[in-house]
Amino acid sequence: MSDTTADLASRRVYIDKQSPKAYRALVGTADAVRTAAAEAGIDRSLVELINLRVSQINGCAYCLSVHTGAALRAGETTQRLGVLAAWRDTELFTARERAALALAEATTDPANAVEQEKAYAVARQVLTEEEISAVIWVAITINAFNRVSILSKHPVRGIPPQ
(Lines give C-alpha, C1' and ligand atoms only; values in the text may rest on other atoms or scores of the structure.)
Protein backbone atom coordinates (compact mmCIF):
# COMPACT_ATOMS: atom_id res chain seq x y z
CA MET A 1 0.00 0.00 0.00
CA SER A 2 1.26 3.46 -0.80
CA ASP A 3 1.41 6.12 1.90
CA THR A 4 -1.63 7.83 0.40
CA THR A 5 -3.64 4.61 0.41
CA ALA A 6 -2.54 3.81 3.96
CA ASP A 7 -3.48 7.33 5.11
CA LEU A 8 -6.89 7.03 3.47
CA ALA A 9 -7.47 3.59 4.99
CA SER A 10 -6.63 4.81 8.50
CA ARG A 11 -8.83 7.92 8.36
CA ARG A 12 -12.29 7.36 9.73
CA VAL A 13 -15.47 8.60 8.18
CA TYR A 14 -17.42 10.79 10.57
CA ILE A 15 -20.66 8.95 9.92
CA ASP A 16 -22.69 11.68 11.61
CA LYS A 17 -21.39 14.16 9.02
CA GLN A 18 -21.49 11.71 6.11
CA SER A 19 -25.13 10.76 6.74
CA PRO A 20 -26.63 13.80 8.46
CA LYS A 21 -30.27 12.74 8.02
CA ALA A 22 -29.61 9.46 9.82
CA TYR A 23 -27.73 11.28 12.57
CA ARG A 24 -30.50 13.86 12.98
CA ALA A 25 -32.97 10.97 13.33
CA LEU A 26 -30.78 9.55 16.13
CA VAL A 27 -30.69 12.98 17.80
CA GLY A 28 -34.49 13.10 17.49
CA THR A 29 -34.67 9.72 19.18
CA ALA A 30 -32.45 11.02 21.99
CA ASP A 31 -34.75 14.02 22.43
CA ALA A 32 -37.81 11.75 22.64
CA VAL A 33 -36.03 9.46 25.10
CA ARG A 34 -34.99 12.40 27.29
CA THR A 35 -38.63 13.53 27.36
CA ALA A 36 -39.86 9.99 28.16
CA ALA A 37 -37.32 9.73 30.99
CA ALA A 38 -38.42 13.06 32.47
CA GLU A 39 -42.08 12.10 32.18
CA ALA A 40 -41.32 8.79 33.92
CA GLY A 41 -39.66 10.65 36.80
CA ILE A 42 -36.06 9.81 35.88
CA ASP A 43 -34.09 12.94 36.70
CA ARG A 44 -31.31 14.28 34.51
CA SER A 45 -28.63 13.18 36.97
CA LEU A 46 -29.67 9.53 36.70
CA VAL A 47 -29.91 9.78 32.90
CA GLU A 48 -26.31 11.02 32.88
CA LEU A 49 -25.17 8.24 35.23
CA ILE A 50 -26.65 5.73 32.78
CA ASN A 51 -25.00 7.52 29.84
CA LEU A 52 -21.66 7.43 31.62
CA ARG A 53 -21.86 3.83 32.80
CA VAL A 54 -22.78 2.55 29.33
CA SER A 55 -20.03 4.69 27.80
CA GLN A 56 -17.53 3.25 30.30
CA ILE A 57 -18.48 -0.29 29.32
CA ASN A 58 -18.20 0.54 25.63
CA GLY A 59 -14.97 2.52 26.04
CA CYS A 60 -16.29 5.63 24.30
CA ALA A 61 -13.92 8.43 25.26
CA TYR A 62 -15.90 11.08 23.39
CA CYS A 63 -19.21 10.26 25.11
CA LEU A 64 -17.46 9.96 28.48
CA SER A 65 -16.11 13.47 28.02
CA VAL A 66 -19.46 14.92 26.93
CA HIS A 67 -21.55 13.21 29.60
CA THR A 68 -19.16 13.89 32.48
CA GLY A 69 -19.74 17.58 31.92
CA ALA A 70 -23.49 17.01 31.58
CA ALA A 71 -23.56 14.99 34.81
CA LEU A 72 -21.73 17.71 36.71
CA ARG A 73 -24.16 20.31 35.36
CA ALA A 74 -27.01 18.05 36.49
CA GLY A 75 -25.64 18.13 40.05
CA GLU A 76 -23.60 14.94 40.20
CA THR A 77 -20.60 14.92 42.52
CA THR A 78 -17.06 14.17 41.46
CA GLN A 79 -16.95 11.43 44.11
CA ARG A 80 -19.90 9.55 42.64
CA LEU A 81 -18.60 10.03 39.11
CA GLY A 82 -15.18 8.80 40.20
CA VAL A 83 -16.54 5.53 41.57
CA LEU A 84 -19.25 4.93 38.98
CA ALA A 85 -17.34 2.08 37.34
CA ALA A 86 -17.41 0.30 40.72
CA TRP A 87 -20.91 1.38 41.79
CA ARG A 88 -21.70 -2.07 43.22
CA ASP A 89 -18.84 -1.69 45.71
CA THR A 90 -20.03 1.57 47.27
CA GLU A 91 -22.89 2.84 49.38
CA LEU A 92 -23.10 6.04 47.32
CA PHE A 93 -25.98 4.99 45.05
CA THR A 94 -29.60 4.52 46.00
CA ALA A 95 -31.52 1.29 45.39
CA ARG A 96 -33.29 3.01 42.50
CA GLU A 97 -30.01 4.15 40.94
CA ARG A 98 -28.51 0.68 41.41
CA ALA A 99 -31.49 -0.93 39.69
CA ALA A 100 -31.22 1.53 36.80
CA LEU A 101 -27.46 1.02 36.43
CA ALA A 102 -27.81 -2.77 36.47
CA LEU A 103 -30.57 -2.59 33.87
CA ALA A 104 -28.47 -0.26 31.70
CA GLU A 105 -25.55 -2.68 31.93
CA ALA A 106 -27.83 -5.58 30.96
CA THR A 107 -29.11 -3.57 28.00
CA THR A 108 -25.52 -2.94 26.91
CA ASP A 109 -24.66 -6.66 27.07
CA PRO A 110 -27.93 -8.35 26.04
CA ALA A 111 -26.21 -11.66 25.32
CA ASN A 112 -25.68 -12.18 29.07
CA ALA A 113 -29.13 -13.59 29.77
CA VAL A 114 -28.40 -14.46 33.42
CA GLU A 115 -27.39 -10.89 34.34
CA GLN A 116 -30.27 -9.53 32.28
CA GLU A 117 -32.80 -11.60 34.25
CA LYS A 118 -31.24 -10.59 37.57
CA ALA A 119 -31.20 -6.92 36.62
CA TYR A 120 -34.78 -7.03 35.40
CA ALA A 121 -35.96 -8.77 38.59
CA VAL A 122 -34.36 -6.08 40.75
CA ALA A 123 -35.70 -3.32 38.52
CA ARG A 124 -39.23 -4.74 38.85
CA GLN A 125 -38.97 -4.40 42.64
CA VAL A 126 -37.73 -0.80 42.61
CA LEU A 127 -38.81 0.88 39.38
CA THR A 128 -42.17 1.45 37.75
CA GLU A 129 -42.85 0.10 34.27
CA GLU A 130 -42.47 3.63 32.90
CA GLU A 131 -39.10 3.98 34.62
CA ILE A 132 -37.93 0.57 33.37
CA SER A 133 -38.86 1.52 29.84
CA ALA A 134 -37.14 4.89 30.12
CA VAL A 135 -33.93 3.40 31.56
CA ILE A 136 -33.76 0.82 28.76
CA TRP A 137 -34.37 3.51 26.13
CA VAL A 138 -31.66 5.75 27.62
CA ALA A 139 -29.23 2.81 27.51
CA ILE A 140 -30.20 1.87 23.95
CA THR A 141 -29.75 5.44 22.78
CA ILE A 142 -26.34 6.02 24.38
CA ASN A 143 -25.19 2.65 23.03
CA ALA A 144 -26.06 3.94 19.54
CA PHE A 145 -24.21 7.22 20.11
CA ASN A 146 -21.22 5.29 21.50
CA ARG A 147 -21.00 3.32 18.27
CA VAL A 148 -21.23 6.48 16.15
CA SER A 149 -18.39 8.10 18.11
CA ILE A 150 -16.20 5.00 18.43
CA LEU A 151 -16.43 4.03 14.77
CA SER A 152 -15.95 7.65 13.67
CA LYS A 153 -13.10 8.10 16.19
CA HIS A 154 -14.51 11.41 17.34
CA PRO A 155 -11.69 13.26 19.09
CA VAL A 156 -11.86 14.39 22.69
CA ARG A 157 -10.83 18.00 22.82
CA GLY A 158 -8.95 19.23 25.85
CA ILE A 159 -10.44 21.86 28.10
CA PRO A 160 -8.03 24.71 28.78
CA PRO A 161 -7.01 25.03 32.46
CA GLN A 162 -8.80 27.77 34.35
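Helix α7 gives the most to the lining of the second largest pocket, with 5 residues; helices here are DSSP runs of H or I with at least four residues, numbered from the N terminus. The model is predicted, so that local features need pLDDT of at least 70 and side-chain atom pairs count only at pLDDT 80 or more, while totals for chains, interfaces and linings use all residues. Residues are numbered from 1 along each chain as its sequence is written, and side-chain values use heavy atoms, with hydrogens and water left out.

The second largest pocket holds about 240 Å³ of space. A pocket is an open set of points on a 1 Å grid over the protein atoms alone, where a 1.4 Å probe fits, with protein on both sides within 12 Å along at least five of seven lines; lining residues have an atom within 4 Å of a point. Of its 14 lining residues, R88, A102, E105, E115 and A119 lie nearest the centre. Both α7 and α8 (113-126) supply at least two residues of this lining.

Helix α7 (residues 95-108) also contains A99. A99 is buried, with a relative accessible area of 0%, where buried means under 20% (1.4 Å probe, protein chains only). Not counting residues up to four places away in sequence, A99 touches V122, A123, V126 and L127, a contact being heavy atoms within 4.5 Å.

The largest pocket has a volume of about 430 Å³. Its lining comprises 25 residues, with Y23, V66, H67, I142 and F145 nearest the centre. Helix α9 provides the largest share of that lining, 6 residues.

Definitions and conventions
Buried < 20%, exposed > 50% of the residue type's maximum accessible area, 1.4 Å probe, protein only. Points joined across faces, edges and corners; volume = space filled by probe spheres on them.
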